[in-house]
Amino acid sequence: MSEMWVNMGPQHPMTHGLWNLRVKIDGEVIVDADPEMGFLHRGIEKICEYRRYNEVVTLMDRTCYVAGLSWEHVYLMAVEQALGVSVPARAEYIRVMSHELQRLASHIMWYAAFVQDIGLMTPFLYGMRDRDLILDLLQSYTGARMTYEYMRVGGVRNDVPVGFTDRCRKVMDWLEEKIHDYEALCDRSDIFLKRTVGLGILKAKECLDLGVTGPMLRAAGVPRDLRRDHPYSAYPELDFVIPTHDGADVYGRYRVRMEEMRQSIAIVRQTLEWLDHHPGRVLAEKVPRFVGTPTPPPGRESYILRRGYPKGRGFAAIEEPHGEALAYVINEGAEHPYRVKFRSPVMVNIAAAKDYLVGYRVSDIPPIMGSVDICVGESDR
Amino acid sequence: MKAEEVVPRLQAEFPSAVQSVALRPGVLARLEVDPGSIVPIARWLRDQATFCHCSMVGGVDWVERREVLYLLWSDEFRTYLEISAWVPGEDPHIDSVSGVWRGAIWHERETWDLVGIRFVGHPDLRRVFLPEGYEFHPLLKSMELHEPEELEVKRRHV
């Protein structure tokens with residue numbers, strides 16, 4: 001049979017967003033793949049050049065709509081380095097706690113969507129139910145469920161409310177119990193195992209060559225996690241392990257994410273313990289005044305270069321739920337960043353699609369691409 | 001090799017290509033290198049200094065010239081290395097490192113798309129985010145942010 005190109009997307013249930021996977025098929029077998037991005041490109045890096053440092057935080061929530069707080073975190077770490085602002089310890093702990101709650105929410109969202117792709121409906125409902133509890137927690141101190149706008153240059157906007165730590169502990173206990181349910185639903189399901197084990201293999205060597213990071217890399221047996229290898233914020237003081245798997249397949253990525261959720265729960269518990277005993281400021285005392293003032297509308301003095309502010313560059317790297325996220329901020333002494341550059345882990349993981357799709361069948365595409373954990377808002381920016 | 005030895009040994013290996021070395025927080029060092037010798041430097045860093053992961057390639061428009069940024073990660077040293085190469089603003093181009101790290105292919109496509117730096121020897125230099133046939137590179141400082149307008153673009157696939 002002759003080969004032909006098939007468009008899977010831009011609107012296809014497999015895409016979990018808006019992108020196009022072009023696959024070349026020979027009968028049922030994939031012989032080539034060409035992912036195509038850009039349908040959700042909003043020019044966030046360009047808009048950043050026209051917003052003051054604190055205003056960019058609003059855009060960071062929109063960058064990745066399932067893990068907004070991690071993007072706020074990486075952007076602000078880079079800005080604080082560029083502006084020379086130091087963050088109080090309590091704010092660092094709140095940031096780490098938010099980041100880990102966000103990781104839990106993101107992984108549960110992934111689990112719900114991925115397992116539904118495979119054809120199991122119950123885990124989707126379980127996942128959505130438990131994700132809501134985390135969103136309730138985030139709402140109780142950020143005021144929002146998806147677009148938080150919570151972190152600020154020099155710390156976070158407000159402290160957690162009274163009684164928050166006890167409520168959070170209860171949710172963590174509940175989740176720890178429910179992760180067993182998640183696993184029981186999948187690990188004993190023949191349908192799940194047949195559609196995950198041995199599919200979408202990407203070995204460690206190819207992962208490193210292609211720059212693939214996050215759970216995909218750890219599922220290939222490489223224990224790289226920037227929380228431990230390039231520690232930032234309060235992570236050096238926290239105790240956790242890096243789960244890996246040697247399958248390098250879809251099932252391995254599922255196992256790694258499940259274990260990561262357990263580790264996140266352990267980290268959140270440690271931060272809650274610390275927060276209970278260390279009251280204090282959550283916003284730095286000395287922050288340049290211009291970071292918070294609103295921007296005049298474009299067209300009128302939208303890019304003012306006022307000499308006199310210190311110049312500098314900031315670079316930060318974090319382990320986002322999807323992988324390694326980088327932010328690079330250039331401060332040219334103006335009220336706006338001169339250039340902001342992000343590295344999106346999802347874009348790199350999708351870019352490697354050819355290497356983990358070729359040789360499998362068309363019906364294997366939804367589980368394989370599902371295991372990548374795609375957030376198109378983040379890859380297209 | 002230890003992490004501190006990487007930069008001196010690189011300087012000894014490429015005495016004229018490494019133009020300046022600066023220390024910055026968060027990375028092992030920031031090196032400014034000659035754009036003509038980026039590929040041998042990249043290959044040396046990968047093979048001799050274990051920088052096996054090309055984390056990011058980016059571009060910055062400084063109006064008269066443009067800067068190409070590379071951030072590399074080494075699993076052995078557990079650190080980043082920042083490499084910067086300056087290319088002229090007129091017809092900016094630099095050799096592609098996609099032959100050294102395959103992961104750089106999409107980063108270089110993105111840099112071409114948004115900042116307009118051409119990567120010589122790139123296997124597949126198409127745009128990533130913007131449609132093929134779009135004539136602008138949006139992250140250039142000459143592009144002002146303004147209200148959206150209708151632009152006629154070629155269709156991607158016919």
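This is a predicted model: local features need pLDDT of at least 70, side-chain atom pairs count only at pLDDT 80 or more; totals for chains, interfaces and linings use all residues.
Two rings of Phe, Tyr or Trp (for Trp, the six-membered ring) are a pair if their centres lie within 6.5 Å. By this rule, 18 aromatic pairs are counted over all chains.

**Extent of the interface**

- The size of an interface is often given as the accessible area lost when the parts come together.
- Chain B and chain A bury about 4,100 Å² between them, and carbon and sulfur atoms account for 55% of that area.
- On the side of chain B, the residues that lose the most area to chain A are Trp106(B), Phe129(B) and Leu145(B), which together make up 17% of what that side buries.
- In terms of contacts, 46 residues of chain B meet 46 residues of chain A.

**Polar and charged interactions across the interface**

- Nine salt bridges are counted between chain B and chain A.
- A salt bridge joins Asp355(A) to Arg102(B), with 3.2 Å between the closest N and O atoms.

**Make-up of the chain B side**

- Strand 3 (53-61), strand 4 (65-74), strand 5 (79-88) and helix 3 (104-115) of chain B each contribute at least two residues to the side that touches chain A.
- Strand 3 of chain B gives the most to this side, with eight residues.
- Sorted by class, the side of chain B that touches chain A comprises 25 nonpolar, eight polar and 13 charged residues.

**Aromatic pairs and a cluster**

- A pair of aromatic rings is described by the distance of the centres and the angle of the planes.
- In chain A, Tyr251(A) and Tyr254(A) form a tilted pair, at 5.6 Å centre to centre and with 45° between the planes.
- Tyr251(A) and Tyr254(A) are about one helical turn apart because they lie three residues from each other in helix 11 (residues 250-277) of chain A.
- Both Tyr251(A) and Tyr254(A) are buried.
- In chain B, the ring centres of Trp62(B) and Trp86(B) are 6.3 Å apart and the planes stand at 50°, so this pair is tilted as well.
- Trp62(B) is buried, as is Trp86(B).
- One aromatic cluster in chain A consists of Trp110(A), Phe114(A), Phe192(A), Tyr251(A) and Tyr254(A).

Methods
Residues are numbered from 1 along each chain as its sequence is written. Chains are lettered from A and ligands numbered from 1 in the order in which they are written. Side-chain values use heavy atoms; hydrogens and water are left out. Contact means heavy atoms within 4.5 Å. Buried area is the accessible area (1.4 Å probe) that two parts lose on being put together, summed over both. A salt bridge is a side-chain nitrogen of Lys or Arg within 4 Å of a carboxyl oxygen of Asp or Glu. Helices (H or I, at least four residues) and strands (E, at least two) are DSSP runs, numbered from the N terminus. Ala, Val, Leu, Ile, Met, Phe, Trp, Tyr, Cys and Pro count as nonpolar, Asp, Glu, Lys and Arg as charged, and the others, Gly among them, as polar. Rings of Phe, Tyr and Trp (its six-membered ring) pair if their centres lie within 6.5 Å; planes under 30 degrees apart count as stacked, over 60 as edge-to-face and the rest as tilted. Buried means under 20% relative accessible area, exposed over 50%, partly exposed in between (1.4 Å probe, protein chains only).
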